[in-house]
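Here is a briefing on one protein model and its ligand. Look over the sequence and the structure first, then read the points below.

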Amino acid sequence: MRRPFMAGNWKMNKTPDEAAALAKALRRELADAGDVTVAICPPYVSIAAVRGELSGSDIALGAQDVHWEPSGAYTGAVSAGMLAGAGCKYVIVGHSERRQHFGETDETVSRRLKAALGAGLKPIMCLGETLEEREKGVTEDVVGRQFSLGTDGVGAADFAKVTMAYEPVWAIGTGRTATPAQAQEVHAFLRGLIGEKYGRKIADGIIIQYGGSVKPENVKDIMAQEDVDGALVGGASLQADVFAKIVKF
Ligand code: PGA
(Lines give C-alpha, C1' and ligand atoms only; values in the text may rest on other atoms or scores of the structure.)
Protein backbone atom coordinates (compact mmCIF):
# COMPACT_ATOMS: atom_id res chain seq x y z
CA MET A 1 0.00 0.00 0.00
CA ARG A 2 1.46 3.32 -1.03
CA ARG A 3 0.90 6.25 1.32
CA PRO A 4 -0.80 9.13 -0.52
CA PHE A 5 1.43 12.16 -1.12
CA MET A 6 -0.03 15.61 -1.76
CA ALA A 7 2.35 18.41 -2.72
CA GLY A 8 1.58 22.09 -3.27
CA ASN A 9 3.58 23.91 -5.92
CA TRP A 10 3.16 27.60 -5.18
CA LYS A 11 5.01 28.60 -8.37
CA MET A 12 5.86 32.34 -8.51
CA ASN A 13 3.38 33.32 -5.81
CA LYS A 14 3.66 34.58 -2.22
CA THR A 15 6.14 37.03 -0.73
CA PRO A 16 7.82 35.86 2.48
CA ASP A 17 5.10 37.46 4.64
CA GLU A 18 2.27 36.06 2.52
CA ALA A 19 3.95 32.66 2.46
CA ALA A 20 4.29 32.61 6.24
CA ALA A 21 0.59 33.45 6.61
CA LEU A 22 -0.43 30.69 4.19
CA ALA A 23 1.83 28.12 5.87
CA LYS A 24 0.39 29.06 9.25
CA ALA A 25 -3.18 28.68 8.02
CA LEU A 26 -2.32 25.39 6.36
CA ARG A 27 -0.78 24.02 9.51
CA ARG A 28 -4.03 24.79 11.34
CA GLU A 29 -6.18 23.24 8.61
CA LEU A 30 -4.05 20.11 8.39
CA ALA A 31 -3.66 19.38 12.10
CA ASP A 32 -5.78 16.26 11.58
CA ALA A 33 -4.77 15.35 8.03
CA GLY A 34 -4.39 11.64 8.77
CA ASP A 35 -2.31 9.16 6.83
CA VAL A 36 -1.13 11.43 4.02
CA THR A 37 2.30 12.86 3.26
CA VAL A 38 2.09 16.61 2.64
CA ALA A 39 4.72 18.98 1.26
CA ILE A 40 4.62 22.59 0.12
CA CYS A 41 7.03 24.21 -2.31
CA PRO A 42 7.22 28.00 -1.95
CA PRO A 43 9.48 30.26 -4.03
CA TYR A 44 13.12 30.30 -2.87
CA VAL A 45 12.89 33.64 -1.08
CA SER A 46 9.96 32.44 1.01
CA ILE A 47 11.45 29.12 2.10
CA ALA A 48 12.91 30.50 5.34
CA ALA A 49 9.62 32.13 6.36
CA VAL A 50 7.67 28.93 5.67
CA ARG A 51 10.25 26.83 7.49
CA GLY A 52 9.68 28.91 10.61
CA GLU A 53 5.92 28.36 10.45
CA LEU A 54 6.21 24.62 9.78
CA SER A 55 8.73 23.82 12.48
CA GLY A 56 7.55 20.81 14.48
CA SER A 57 4.67 20.04 12.08
CA ASP A 58 4.24 17.08 9.73
CA ILE A 59 4.13 19.29 6.64
CA ALA A 60 7.37 19.00 4.72
CA LEU A 61 9.14 21.76 2.85
CA GLY A 62 10.23 21.59 -0.76
CA ALA A 63 11.65 23.83 -3.50
CA GLN A 64 10.58 24.25 -7.11
CA ASP A 65 13.91 23.78 -8.90
CA VAL A 66 17.57 23.13 -8.22
CA HIS A 67 20.85 23.61 -10.06
CA TRP A 68 23.14 20.64 -10.65
CA GLU A 69 26.42 22.21 -9.58
CA PRO A 70 27.23 22.32 -5.87
CA SER A 71 28.49 25.93 -5.98
CA GLY A 72 30.20 28.43 -8.25
CA ALA A 73 29.61 31.16 -10.79
CA TYR A 74 25.98 30.41 -11.71
CA THR A 75 24.24 33.71 -11.10
CA GLY A 76 20.69 33.28 -9.92
CA ALA A 77 20.94 29.55 -9.32
CA VAL A 78 20.51 27.60 -6.08
CA SER A 79 22.24 24.30 -5.31
CA ALA A 80 20.88 21.14 -3.76
CA GLY A 81 23.12 21.55 -0.72
CA MET A 82 21.72 25.05 -0.19
CA LEU A 83 18.17 23.74 -0.32
CA ALA A 84 18.95 20.97 2.13
CA GLY A 85 20.59 23.53 4.40
CA ALA A 86 17.50 25.72 4.14
CA GLY A 87 15.35 22.89 5.49
CA CYS A 88 13.99 21.44 2.25
CA LYS A 89 13.23 17.74 2.08
CA TYR A 90 11.80 17.73 -1.45
CA VAL A 91 12.52 19.48 -4.72
CA ILE A 92 10.51 19.58 -7.94
CA VAL A 93 12.61 18.73 -11.00
CA GLY A 94 11.66 19.07 -14.65
CA HIS A 95 8.36 20.89 -14.25
CA SER A 96 6.84 21.63 -17.65
CA GLU A 97 7.00 25.37 -16.97
CA ARG A 98 10.77 25.00 -16.54
CA ARG A 99 10.89 23.01 -19.77
CA GLN A 100 8.71 25.53 -21.60
CA HIS A 101 10.06 28.87 -20.36
CA PHE A 102 13.55 28.17 -19.05
CA GLY A 103 15.15 25.77 -21.49
CA GLU A 104 14.93 22.66 -19.31
CA THR A 105 15.78 19.52 -21.27
CA ASP A 106 15.74 15.82 -20.43
CA GLU A 107 19.49 16.05 -20.02
CA THR A 108 19.36 18.88 -17.48
CA VAL A 109 16.52 17.09 -15.67
CA SER A 110 18.84 14.13 -15.20
CA ARG A 111 21.64 16.36 -13.90
CA ARG A 112 19.33 18.08 -11.45
CA LEU A 113 17.87 14.77 -10.31
CA LYS A 114 21.31 13.37 -9.54
CA ALA A 115 22.40 16.56 -7.74
CA ALA A 116 19.24 16.53 -5.60
CA LEU A 117 19.68 12.87 -4.68
CA GLY A 118 23.35 13.44 -3.94
CA ALA A 119 22.44 16.11 -1.40
CA GLY A 120 19.85 13.89 0.28
CA LEU A 121 16.82 15.66 -1.20
CA LYS A 122 13.81 13.72 -2.44
CA PRO A 123 13.07 14.82 -6.01
CA ILE A 124 9.59 15.12 -7.47
CA MET A 125 10.28 14.46 -11.13
CA CYS A 126 7.68 15.86 -13.52
CA LEU A 127 6.86 14.69 -17.00
CA GLY A 128 3.94 14.90 -19.37
CA GLU A 129 2.89 15.51 -22.94
CA THR A 130 1.61 18.65 -24.65
CA LEU A 131 -1.84 18.82 -26.24
CA GLU A 132 -0.29 18.54 -29.69
CA GLU A 133 1.58 15.40 -28.65
CA ARG A 134 -1.55 13.85 -27.16
CA GLU A 135 -3.54 14.58 -30.32
CA LYS A 136 -0.79 13.08 -32.44
CA GLY A 137 -1.01 9.91 -30.34
CA VAL A 138 2.58 10.06 -29.09
CA THR A 139 1.92 10.46 -25.35
CA GLU A 140 3.64 7.19 -24.45
CA ASP A 141 6.66 8.00 -26.63
CA VAL A 142 7.05 11.38 -24.96
CA VAL A 143 6.57 10.12 -21.41
CA GLY A 144 8.87 7.18 -22.13
CA ARG A 145 11.60 9.45 -23.47
CA GLN A 146 11.29 11.91 -20.57
CA PHE A 147 11.48 9.06 -18.07
CA SER A 148 14.36 7.23 -19.67
CA LEU A 149 16.58 10.25 -20.38
CA GLY A 150 15.61 12.06 -17.17
CA THR A 151 16.65 9.09 -15.02
CA ASP A 152 19.79 8.38 -17.05
CA GLY A 153 22.57 7.35 -14.69
CA VAL A 154 20.28 7.13 -11.66
CA GLY A 155 20.73 3.80 -9.83
CA ALA A 156 17.93 1.78 -8.27
CA ALA A 157 18.67 2.68 -4.64
CA ASP A 158 18.53 6.36 -5.54
CA PHE A 159 15.51 6.04 -7.80
CA ALA A 160 13.54 4.49 -4.96
CA LYS A 161 13.63 7.94 -3.29
CA VAL A 162 12.08 9.70 -6.29
CA THR A 163 8.42 10.71 -6.56
CA MET A 164 7.12 10.87 -10.13
CA ALA A 165 4.53 13.44 -11.20
CA TYR A 166 2.57 12.91 -14.39
CA GLU A 167 1.42 16.35 -15.50
CA PRO A 168 -0.16 16.58 -18.93
CA VAL A 169 0.86 20.07 -20.06
CA TRP A 170 -2.61 20.73 -21.47
CA ALA A 171 -4.14 20.27 -18.03
CA ILE A 172 -1.83 22.59 -16.10
CA GLY A 173 -3.49 25.83 -15.03
CA THR A 174 -6.12 25.42 -17.72
CA GLY A 175 -9.00 24.13 -15.63
CA ARG A 176 -8.99 21.13 -17.95
CA THR A 177 -8.21 17.96 -16.04
CA ALA A 178 -7.28 14.62 -17.51
CA THR A 179 -10.10 12.18 -16.89
CA PRO A 180 -9.36 9.65 -14.16
CA ALA A 181 -9.08 7.00 -16.89
CA GLN A 182 -6.61 9.09 -18.92
CA ALA A 183 -4.48 9.62 -15.81
CA GLN A 184 -4.62 5.94 -14.87
CA GLU A 185 -3.58 4.89 -18.35
CA VAL A 186 -0.38 6.94 -18.30
CA HIS A 187 0.36 6.15 -14.65
CA ALA A 188 0.12 2.43 -15.33
CA PHE A 189 2.31 2.81 -18.41
CA LEU A 190 4.88 4.73 -16.38
CA ARG A 191 4.86 2.19 -13.56
CA GLY A 192 5.52 -0.46 -16.19
CA LEU A 193 8.55 1.47 -17.47
CA ILE A 194 9.84 1.86 -13.93
CA GLY A 195 9.46 -1.90 -13.47
CA GLU A 196 11.42 -2.62 -16.64
CA LYS A 197 14.25 -0.34 -15.59
CA TYR A 198 14.34 -0.80 -11.82
CA GLY A 199 12.42 -3.98 -11.10
CA ARG A 200 8.90 -4.77 -9.93
CA LYS A 201 9.53 -4.16 -6.25
CA ILE A 202 10.73 -0.58 -6.73
CA ALA A 203 7.99 0.11 -9.27
CA ASP A 204 5.35 -1.02 -6.78
CA GLY A 205 6.68 1.35 -4.13
CA ILE A 206 7.11 4.48 -6.24
CA ILE A 207 4.61 7.27 -5.65
CA ILE A 208 3.20 8.63 -8.91
CA GLN A 209 1.37 11.92 -8.46
CA TYR A 210 -1.04 13.37 -10.97
CA GLY A 211 -0.87 17.11 -11.62
CA GLY A 212 -2.99 19.46 -13.72
CA SER A 213 -5.99 21.41 -12.40
CA VAL A 214 -6.50 19.19 -9.36
CA LYS A 215 -9.31 20.63 -7.22
CA PRO A 216 -11.40 19.49 -4.23
CA GLU A 217 -14.13 18.60 -6.75
CA ASN A 218 -12.07 16.18 -8.83
CA VAL A 219 -9.42 14.84 -6.44
CA LYS A 220 -11.46 11.91 -5.16
CA ASP A 221 -12.09 10.38 -8.57
CA ILE A 222 -8.47 10.82 -9.60
CA MET A 223 -7.16 9.33 -6.36
CA ALA A 224 -9.48 6.35 -6.78
CA GLN A 225 -7.35 5.13 -9.70
CA GLU A 226 -5.08 2.26 -8.87
CA ASP A 227 -1.83 3.85 -10.03
CA VAL A 228 -2.52 7.40 -8.87
CA ASP A 229 -0.88 7.88 -5.48
CA GLY A 230 -1.07 11.60 -4.93
CA ALA A 231 -1.33 15.00 -6.53
CA LEU A 232 0.96 17.87 -7.40
CA VAL A 233 -1.26 20.89 -6.99
CA GLY A 234 -0.61 24.38 -8.35
CA GLY A 235 -3.39 26.97 -8.25
CA ALA A 236 -5.52 25.15 -5.71
CA SER A 237 -2.62 24.98 -3.23
CA LEU A 238 -2.62 28.75 -2.77
CA GLN A 239 -5.63 28.78 -0.42
CA ALA A 240 -5.27 26.87 2.84
CA ASP A 241 -8.86 25.65 3.06
CA VAL A 242 -8.93 24.52 -0.58
CA PHE A 243 -5.61 22.66 -0.38
CA ALA A 244 -6.69 21.10 2.93
CA LYS A 245 -9.78 19.69 1.21
CA ILE A 246 -7.55 18.12 -1.44
CA VAL A 247 -5.24 16.65 1.18
CA LYS A 248 -8.23 15.18 3.03
CA PHE A 249 -9.79 13.81 -0.16
P1 PGA B 1 -2.30 23.51 -11.54
O2 PGA B 1 -0.72 23.26 -11.60
O3 PGA B 1 -2.81 22.68 -10.39
O4 PGA B 1 -2.45 24.97 -11.31
O5 PGA B 1 -2.86 23.05 -12.85
C6 PGA B 1 -0.17 21.99 -11.39
C7 PGA B 1 1.33 22.06 -11.53
O8 PGA B 1 1.81 22.73 -12.44
O9 PGA B 1 2.09 21.45 -10.73
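Helices (H or I, at least four residues) and strands (E, at least two) are DSSP runs, numbered from the N terminus. By that naming, Gly 144 is found in helix α7. This is a predicted model, in which local features need pLDDT of at least 70, side-chain atom pairs count only at pLDDT 80 or more, and totals for chains, interfaces and linings use all residues. Residues are numbered from 1 along each chain as its sequence is written, and side-chain values use heavy atoms, with hydrogens and water left out.

**The ligand and its surroundings**

- The ligand is surrounded by 13 residues. A residue counts as near if one of its heavy atoms lies within 4 Å of the molecule or strand in question.
- The closest are Lys 11, His 95, Glu 167, Gly 173 and Ser 213.
- Four residues of this shell are nonpolar, seven are polar and two are charged. Here Ala, Val, Leu, Ile, Met, Phe, Trp, Tyr, Cys and Pro count as nonpolar, Asp, Glu, Lys and Arg as charged, and the others, Gly among them, as polar.
- A polar contact is a pair of N or O atoms within 3.5 Å; within protein, one must be able to donate a hydrogen and the other to accept it, and residues adjacent in sequence count only if both atoms are side-chain atoms.
- His 95 brings a polar side-chain atom to 2.6 Å from an oxygen atom of the ligand.
- Glu 167 also has a polar side-chain atom by a ligand oxygen, at 2.7 Å.
- Gly 235 uses a polar backbone atom, which is 2.8 Å from an oxygen atom of the ligand.
- Taken alone, the ligand exposes 280 Å², and the protein buries 95% of that. Accessible areas come from the Shrake-Rupley method with a 1.4 Å probe; for residues, only the protein chains shown count as cover.

**Aromatic rings**

- A pair of aromatic rings is described by the distance of the centres and the angle of the planes.
- Rings of Phe, Tyr and Trp (its six-membered ring) pair if their centres lie within 6.5 Å; planes under 30 degrees apart count as stacked, over 60 as edge-to-face and the rest as tilted.
- By this rule there are five aromatic pairs.
- What makes the pair of Phe 147 and Tyr 198 edge-to-face? Their ring centres are 6.5 Å apart and their planes stand at 85°, so the pair falls in that class.
- This pair links distant parts of the chain, 51 residues apart. Phe 147 sits in helix α7 (residues 139-150), and Tyr 198 in helix α9 (residues 180-198).
- Phe 147 is buried, at a relative accessible area of 2%. Buried means under 20% relative accessible area, exposed over 50%, and partly exposed in between (1.4 Å probe, protein chains only).
- Tyr 198 is buried as well, at 11%.
- Ring pairs join Phe 147, Phe 159 and Tyr 198 into a cluster.

**Charges over rings**

- A charge sits over a ring if NZ of Lys or CZ of Arg is within 6 Å of the ring centre and within 35 degrees of the ring normal.
- Lys 197 places its charged end over the ring of Phe 147, 5.7 Å from the centre.
- Arg 98 has its charged end over the ring of Phe 102, 4.0 Å from the centre.

**Helix residues**

- Gly 144 is buried, with a relative accessible area of 16%. Its C-alpha atom is 9.8 Å from that of Ile 194, 50 residues apart along the chain.
- Gln 184 lies in helix α9. Gln 184 is buried, with a relative accessible area of 16%.
- Gln 184 and Arg 111 are 28 Å apart in space, C-alpha to C-alpha, and 73 residues apart in sequence.

**Strand and loop residues**

- Lys 11 is in the loop between β1 (5-9) and α1 (16-29). Lys 11 is not a glycine, yet has a positive phi of about 50°.
- Lys 14 lies in the loop between β1 and α1. Its phi is positive too, about 85°, although it is not a glycine.
- Lys 14 counts as partly exposed, at 26% relative accessibility.
- Ala 165 belongs to strand β6 (residues 163-166). Its relative accessibility is 0%, so Ala 165 counts as buried.
- Pro 168 is found in the loop between β6 and α9. Pro 168 is buried, with a relative accessible area of 0%.
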